Amino acid sequence: MNDRALRYLLAVVRAGSVRAAAEVLNVAASAVSRQIIELEAQVGETLLERLPRGVVPTEAGRLVAAHAQRQADEAALLEDQLKRLRGVQRGTVSLRCGAGFLIDLLDNALAGFAQDHPGIAYQVEIGTTDGILAAIARGDADIGLVYNPPAHPDVRGIVTARQPLLAILPKNHPLADGSAPVPLRSFATEPAALLPPDHGVRQLIGRVEADGGFRLVPRLETASFELHRRFVMAAMGVAFLPRFVVAAELRADLLDAVPLRDSILSEATAHLVIRAGRRLPEGAARLLGWLADHMVAFRPPPA
C-alpha cells in the first residue's frame, strides 16, 4: 500500500475529519481525499463512513488504520535503532497522565532519569482516564499513567500497584491516629475538598455515597491537586486522595492520612500502560522501566 495514503488515512482517523487531518498534515484537503479514494480502490473496501460532521472508520478502515499505525511505530523504532548505531542517544518520549501523578513523575522519576539520559526530551500532557487510554491506543503517546482505569482492548498494563484512596487530614484531626481503616461515612459532616463530578476519583466516592445513602459536604470543588493539599494544610477540611499525590507532605509531617474501609476505595490501583503490541523505542523503554522502579505510585502501599 502507498505509504502516503496510509499516513493520510491514519491522520483522518485520528482527527475525525478530512479537513482537520489536512491541517495537521499541512496539505490541501483535496489531496487527502484523493489519497483515501485511491486507497479504497486498492483495498476494495470503503474505509471511511462519511457523516454530516466528519468521518468514522469502517471495520475495514480500522484494520487498515491499525496496519498504518504499526508501520509508523516500526519506522520510529528503526530510526531510533539507527541513531543508537551512530551513537546518537537522543529522542522525545511522550507521556499522558492524570494530574495527580505530576509531582511524583517529576520529583521521583524524570529528575533522576534526565541525569543519566541527557539527550532525552519529554512531552507531558495531562488528561482524563478515558482520554489517556484513547491517546495510548491511537499511538499519540508512548506511555500512560492512569488511576483505576477500565479495561481497554488496545492498551496493555505494564505495572499495576494498589493505591488505595485515603482520607487526607489536617494535623491533630481526631481520626488522625491511623490505627485502623475508617468508613467514608465518618466524614459525612466534615467540610471536604472534592474533585469535579466527571473525575474518576469523584465517581468512586459517588458510588460509596450512593451505596451508603449519605453525601459528603463539599467546601471546595477543584481539579487542582495543589489546592487539595493546601486546603487540608490550612485546616479548612479533609480531602480524599491516593498516597502518591501527597507523599512529600506526609514525609514532611505536614498532613495525616487514614485508610478508608470501603472496598471500592481500598482496592483502587495505579497503572503504567502502553499500546498493546507496540515495541517502544529504546529511550521510551528505558524510561518505562525507570518509572516502574522509582515512582511512589507504583510501589506497594506501606503496611
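Is Phe240 buried or exposed, and what is its relative accessible area? Phe240 is buried, with a relative accessible area of 2%; here buried means under 20% relative accessible area, exposed over 50% and partly exposed in between, using a 1.4 Å probe and protein chains only.

A quick word on the ground rules: this is a predicted model, in which local features need pLDDT of at least 70 and side-chain atom pairs count only at pLDDT 80 or more, while totals for chains, interfaces and linings use all residues. Residues are numbered from 1 along each chain as its sequence is written, and side-chain values use heavy atoms, with hydrogens and water left out.

Let's turn to the rings. A search of the whole structure finds 6 aromatic pairs. Rings of Phe, Tyr and Trp (its six-membered ring) pair if their centres lie within 6.5 Å; planes under 30 degrees apart count as stacked, over 60 as edge-to-face and the rest as tilted. Two of the pairs are listed here.

| Pair | Centre to centre | Angle between planes | Class |
|---|---|---|---|
| Phe113 and Trp290 | 5.7 Å | 70° | edge-to-face |
| Phe187 and Phe240 | 5.7 Å | 70° | edge-to-face |

Phe113 sits in helix H5 (residues 102–116) and Trp290 in helix H11 (residues 282–294), 177 residues apart; helices (H or I, at least four residues) and strands (E, at least two) are DSSP runs, numbered from the N terminus. Both Phe113 and Trp290 are buried. Phe187 is buried too, with a relative accessible area of 0%.

Now for strand E12 (residues 269–275), where 7 of 7 residues are buried. Strand E6 (residues 155–162) pairs with E12 in the antiparallel sense over 7 bridges, pairing requiring at least two DSSP bridges between strands.
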